[in-house]
Structure formats: structure tokens, C-alpha cells
2 protein chains.
Amino acid sequence: MGNKTQGSSSKCLFFFFSGSLSLNLLLLYLSFGRQSDRLTWTRTAALEAEAVASLSCSGHGRAFLDGIGFGSSQGEPACECYGCYGGSDCSELLPDCPADADSGDPLFLEPFWMQRAESSAVMVSGWHRMSYQITKGTMLSIELEKHIRKLHSVIGNANETGKFILFGVGSTQLLNAAVHALSYKTLSPAYVVATAPYYGAYETQTKLFNSEDYEWAGDTFQWKNTSDSSLNFVEFVTSPNNPDGLPRHPVIQGPFAKAIHDHAYYWPHFTAIPSMVDEEIMLFTLSKITGHAGTRFGWALIKDEEVYNRMLKYTATNTIGFSHESQLRALKLLKVVLQRGGRDMFQFGYTTLSDRWRKLSTSLSLSKRFSLQKIAPQYCNFFQRIREPSPGYAWLKCEMEEDEDCERVLSGAGIIGRAANVIPRARMILRAKLQFSVASL
Amino acid sequence: MGNKTQGSSSKCLFFFFSGSLSLNLLLLYLSFGRQSDRLTWTRTAALEAEAVASLSCSGHGRAFLDGIGFGSSQGEPACECYGCYGGSDCSELLPDCPADADSGDPLFLEPFWMQRAESSAVMVSGWHRMSYQITKGTMLSIELEKHIRKLHSVIGNANETGKFILFGVGSTQLLNAAVHALSYKTLSPAYVVATAPYYGAYETQTKLFNSEDYEWAGDTFQWKNTSDSSLNFVEFVTSPNNPDGLPRHPVIQGPFAKAIHDHAYYWPHFTAIPSMVDEEIMLFTLSKITGHAGTRFGWALIKDEEVYNRMLKYTATNTIGFSHESQLRALKLLKVVLQRGGRDMFQFGYTTLSDRWRKLSTSLSLSKRFSLQKIAPQYCNFFQRIREPSPGYAWLKCEMEEDEDCERVLSGAGIIGRAANVIPRARMILRAKLQFSVASL
């Protein structure tokens, strides 16, 4: 019996031993076997990024790798709080804080990218593209250009076939690059115009450079019936328009009238895509597509080779090209956007904005003091159905005689908007930007 | 004896079992225990970066995350070969290929960054700084500004105390921003000048914008004895100078003469640092410090608040700030540079460039046909010793009467240089850029 017990305990021991041995083999494989999974020089940077991402800011702020924050004298990343919040973890609501709806920050897409953390992350090595050039002789990433063309063709918003593509430091840099190219060696200085209400940068940028080749000439309204057909015009046409979200076409006609078509908002989260546009110069910006305003990346689709070459020379002379880090990241982001034919991101954006618009317009429909622009539901080729409005900005009108200064009326109620850059026709109106407000509506 | 054997084999089994169990515990810890080391959403991007970095391009090329290459129809990263090399792994030396020394690409620092792969890598999350702003109300990273100030104070090349710091898309954007600020509201258009030989961008940029506020007026030579003291001048002063590496001071004096001090090369790998400069406007660029030309990141130290505000407005209007990805990476790179008081990188750069210069000047000292600029050894406050010359560019002169077109003489010998942008005084000279050539000297 002693032997029997000894035998069975030996067997038992043997059983455990074999089990332990097998476990060892498995663990050995897990620890050292998956060679392809083992990281070396990227590990520290990856850990740093995950550590920063894991900091909790109470849903009212964000920590970034290059951030400094509350109580952090060492420069270690800490929470940076959104407007109206404070404290080391952004949990304190600040008293008497106005809702800032002035900025055009496209943060409504931030949650989309947080949900796609893995597919949208990029690791930049210390020696990544140090040269001025990317592809031999150019400062543009060919791979990125290819993905931009694919994006236009998948969304169906603009015809890229046969067009030249030029990048820019945001589409902002390309605004003046295009004005420069279209006014180059004209017989008289070109008149740069736009139809009110228009995006303010057209005016400030044109005036800043104070060029002999062009000058700011204000609203097209003053010029559309001009009898002098020898005048050179460069017209900014923003469609859908910033701020009112309505479709736009060139107003100035004539042999010397040229247009720059700013299609920053011609994407399915902001507007229906009823047709594919196909114009001489079309501008787009990553800021208003994926929401990455800080990346400062935009592009132009250009028909004419000479215009393209002039604009290329402009960007080369102004900034010697465009950040290689921005180009690398834009490529990664567009790859994510293109997954499932772009449906995920544009659907997410559309749902968010149309929801906000519905709430805002429902509230204001009860008011006799304020009114909003009217946007009708429209069939969208991309979504293949009729879609509700979801404009980038609310274009608010103060209806009462005594509310002449609409901006002040709203600021009195704790809302910061942006005043109209012109006074079109009748009364002072206010441009309060809607969708980008971090404060929930 | 049977019992004894059985006993000893039991003991033996027990011994192995305990050993196996301990190994189990160790491996369990290695596999799952180091929670802080386990990566989640950053893993894929890190693996992608390591995979690309591990591609071998025979030492004659490089593969990048956003690259396409030879035979790669899928857009998967492949080798991109340096000039004069081809084939899928860049192992083929192309016949009759000229040595291209025209470009100012600072690739001589690439090996330094490859050696510091771990400390210089950056992981960019999909939601990293999407906003236009970085710190509330600004488009500049405060943390980066702090490191820039620290860099100047550690190197001792420029006095940053009390100065405003403005970033730029390279220092390139800041050249014209400064011209704009200094010529704003002058009574007559400012004359923009530089002393030959000078960096060509001063002229091309000033002419491109064709502003009513300023005009290109060429070499200071024509103006230094002007009797009209009411003229406004904006003088570019590059010190050490591009291309000849010599120290420079403003030439134009007078009540309306202002200078923009371009100190792109005033760093210890290019030149001795005999003193700390302290001027009204001083420009610097990451390109010529760490070698990251493609990052398009530069900065200005500015004394006067009004000039600073004008330049800030220029950059805000021209490009709405600067790539957040570039700023994040610049910060990481400067952190590496600042390790051990900057000695590692600047010593590496100095050794590389002074070695190339010694070889080049030794070869050319035997020639009666060519001569190089003379640079004397000089005491450097940073290295705290006398250092040999290590200029950024070789400034070559063709000495023989018949070699009037010096550029053609060299190109006949298979060397591409850059011709002088002006013909100063006597004969045609050639600016052949030296240190940035990928071809070994």
C-alpha cells in the first residue's frame, strides 16, 4: 500500500511535472518566440504615447505628448482643459464662463479618431525624411497624392482626372498662391473679390501682401454690372459657403474674370453631394475633412499647367514645401478614412452635425428674436439618399430692430460668436459658428 | 536500495518539478506580469515603423513609411535610392552619374539620428492636437519654446533673454515675414538688399511677393555710400554667410537702415562660436541644426514687440500657424540634442564636416586651377578650444582665364554645383555646395 501510494503520488507529481513543462514551453514561446512582435527602438515612444493617452481629464480636457499643464513644473504632460474647465484633472467647472462658438475648430471629429486609435497612430523615426525632397525632385509625397485622388473618386465630390495636385500649408497658403498665379502679369492689377457673407481670410490675406499685382476690391455686388469688361477679376467662390452653408457660383463674368473655388466644406458630413464639381482651381483642406486643423495640410486640384507651375513656385519660395511629418500623418489618416469607402467617418460626422443642427434649429424656431439660415434636405450621391442639413456654421440673424448689434446681444447671454465681416443690405447680423463648439448644445 | 533509488528519483523529479515551477512563475511574469510594458493601440504603428527600418537598401538608399519604390505596385514601402544608385535594394551603381553637390540637404546628420533611434522616435496618436491652437490662444508649443531658449543658452550662440520667439514654416517663411514687418508703413518702399555672395532666396522671395511696401534693390555695394539718408533699407545679413562661411555685419548704416540677421549656420558644427549675438531680429532653422530640412521648422528671436506682433500676424495670415506634427517632433529632437549639453550632436557634426573639409582643401591645395575660401582656425566658446574650419559650403573659384564659366567646367568633370547668383567684381565664380552631398568626397 505504501508502494501504491508512493506510485500514485509519483504519477501525480509526474503529471504536474509534464503539465508544468508544457506550460513552460508555451510561455517560452509567448515570451521570446514571437520574434516578429518584439519591439526594439520604438518601444519607449510607444509607451510614452500610451501613458499620456491614459491620463484622465474628466472628459473636459486632453493630455498631449508635448503638453504642459497645471502644477507641472517639470514639463511632464498633464491635462489641458477645454474652455470653461479647470483643475489638474479638468473636473472644475469655471463660473461665469461664456460658450465660445467663434473658433472654427473641427473638434467634433475627435471622438472618431479616439475610437480608431490603433489604425490612425503613426510612429515617426528620428531619421524620417530629413531631406528637403520626398520623391526625387519634388517635395510632395506621391503616395499621399494617390490617396487624395482616390478619396475624391470614392466620395464623388470633385473630378481629379487630368488635374495637377499641389499641396499647401493648409488650404490657407493656397488661397494667396492662387491669387498670385491668376494675377501674374495681368495688364492691370487684378481685383480680388468675394460675395458677402464671405470667409474673412480672403480679405485679410489679400491686403496683407499688398501686392502690385492685385488688390482687394470687396463684394462682387459692386462689380457685377460693371461696364468695363477689361478689368481683371479674381473671385473667391466658396461652395458650400462659409458661413451660411449655401451653394455658390461665380458672380463676375467676362473675358478677364477668373475664379478660385474653395470647396473646404464640400464633403458629405457638411452637405449633400449632388454632383461632381470640375473647375479650374479647386481648394480642399484636411482640417475640414478629418478634423486635423493643426496639421496645416491642404491641396489644390488645378486644370491648367501654367497656373499649377506658378502656384508650385509660390509654395516653394514661400516655405520650401510642406512639413513631411504632416504629409506622413495625412496619409495615415486618409487610409483610415478610405476604409469601407469612407462611410464610417462621413457618417459619424454627419450624424453628429445634423443632430446638433436639429437641436439648435428646433430651439430657435420658437424664437421671434433670432432666425437661422434655411437649408433644405437634399439628395446626396454619396449617401444615396435624401439627407437632412448639417452645416458647418449657424448663420444667425437678430430680427428685432433694437438688436442692431447682434454680437453684443449674444455675448450678453454668454455666447461668443463672430460678427459678420460685412453689413449686407439691411441689418447687422452675426456669424455664430456652431458645430465646432466644444460646449455641448 | 530499491527504495533508495526510488527515493532519489523522486527527489530528482521533485527537484525538476520545483525548477520547472519556478521557471513557470518567471515566464508567467515575463509574459503577462510587466503590465506597464504591454502595448495596446500603439503596437501596430510601432511594428510598421520597425519593419520599414529593417529593409536593407545596401547603404545607398532608405525606405520610409510613406514611400513607394521600385517594383512596388501596391504602394508598400520599398527602398528609395540615393542619387547614382538603382535597383530594388539600391545596389546598382548607375553609369555616368554626376555627383550632385547643388542641394543644401543636411543629410550628414542622418547617421547621428539612426544611432539614437530609441530616444528620437515619436508616436503620434490619431487625435494628437487636432485644434488650430496648441496652448490657449496660441499656435506655438510652449514646451518647444522653452527648449529653444535652453538650446541657445547652453550653446551660447544667441541671447534669448527678453526676446520674443516666433515659429515659422522653416526660417524661409520668416524671411519675408521680417521684411514685411520692417517695411510696414514706411514712408517710401523699403529697399531690400544683401551683400554678394548671398543666399538666393532673399532675392526670389522678395521679388515673388511684388509688394508695394518693399522692393529688391540688389547688392549693398551699390548703396553703401549713398548720400540719400532718407532711404529705407532692409538688409539681410547672413552670419556665417551662405555660401562662403565668413562672418558678416550690416553694411548699410543710417537712421532708416534695419537688418535681418540670418544665423542659420551659427552653430558649433559649422563654425566657431566666438561670442553670443544679440540683435533685433535673429533667424534660426531646425534644418541646419539637427538636419531635419523636411520638418520645415524655424524660429525668430525678436527684440521689439511691435515687430514681433507684425511677424506673428504675417504667419497667422499666411498659413494659420505651423504644423503641430513638426512642432512635436522638433521638441523630441531638441531634447536629444540637449542631452549632455549638446556635445554629442555638435561634436558628431563638427567631426564629419571638418573631416570632409580637410580632404577637400588638401586635394584642392595642389591645384592651380581652383581655389577655396580661406577660413582660419578659431577659438570656440562652446567647445572651449581652437577648432578647425568646417563650413557648410565650399566656395570654389576657377582661377584660370579660360574657365570663365566655372559651373560648366565642373559639370564637365561630373560635378553639379550651384552658380553664383551675382558676379561680384572680377570673374565668374561657382558656388559648389560641399557638406550635404550624399556622394562621399
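Here come two exercises with worked solutions, both on a predicted model.

**Exercise 1.** Work out which residues of helix 2 of chain B are buried, and what covers them.

*Solution.* 
Step 1: go through residues 43-53 of chain B and keep those under 20% relative accessible area. You end up with Ala45(B), Ala46(B), Ala49(B), Glu50(B) and Val52(B).
Step 2: look down the axis of helix 2 of chain B. The buried residues fall within an arc of 165°, so they line one face of the helix. As background, an α-helix has 3.6 residues a turn, so residues three or four places apart point the same way.
Step 3: find the cover. It includes strand 1 (61-63) and strand 6 (122-124) of chain B, along with strand 6 (122-124) of chain A.

**Exercise 2.** Describe the contact between chain A and chain B: how many residues does each chain bring, and how many salt bridges cross the interface?

*Solution.* 
Step 1: count residues. Chain A brings 111 and chain B brings 111.
Step 2: get the area. About 10000 Å² is buried between the two chains, with carbon and sulfur atoms giving 56% of that. On the chain A side, Asp66(A), Trp127(A) and Met130(A) supply 9% of the area buried against chain B, more than any other three residues.
Step 3: look for charge pairs. The rule finds eight salt bridges across the interface. Glu80(B), for instance, bridges to Arg129(A), with the closest N and O atoms 2.8 Å apart.
Step 4: sort the chain A side. Helix 1 (residues 2-33) gives the largest share, 16 residues. By class, that side has 49 nonpolar, 39 polar and 23 charged residues.

How values were computed
Residues are numbered from 1 along each chain as its sequence is written. Chains are lettered from A and ligands numbered from 1 in the order in which they are written. This is a predicted model: local features need pLDDT of at least 70, side-chain atom pairs count only at pLDDT 80 or more; totals for chains, interfaces and linings use all residues. Side-chain values use heavy atoms; hydrogens and water are left out. Buried means under 20% relative accessible area, exposed over 50%, partly exposed in between (1.4 Å probe, protein chains only). Helices (H or I, at least four residues) and strands (E, at least two) are DSSP runs, numbered from the N terminus. The arc is that of the directions from the helix axis to the C-beta atoms. Contact means heavy atoms within 4.5 Å. Buried area is the accessible area (1.4 Å probe) that two parts lose on being put together, summed over both. A salt bridge is a side-chain nitrogen of Lys or Arg within 4 Å of a carboxyl oxygen of Asp or Glu. Ala, Val, Leu, Ile, Met, Phe, Trp, Tyr, Cys and Pro count as nonpolar, Asp, Glu, Lys and Arg as charged, and the others, Gly among them, as polar.
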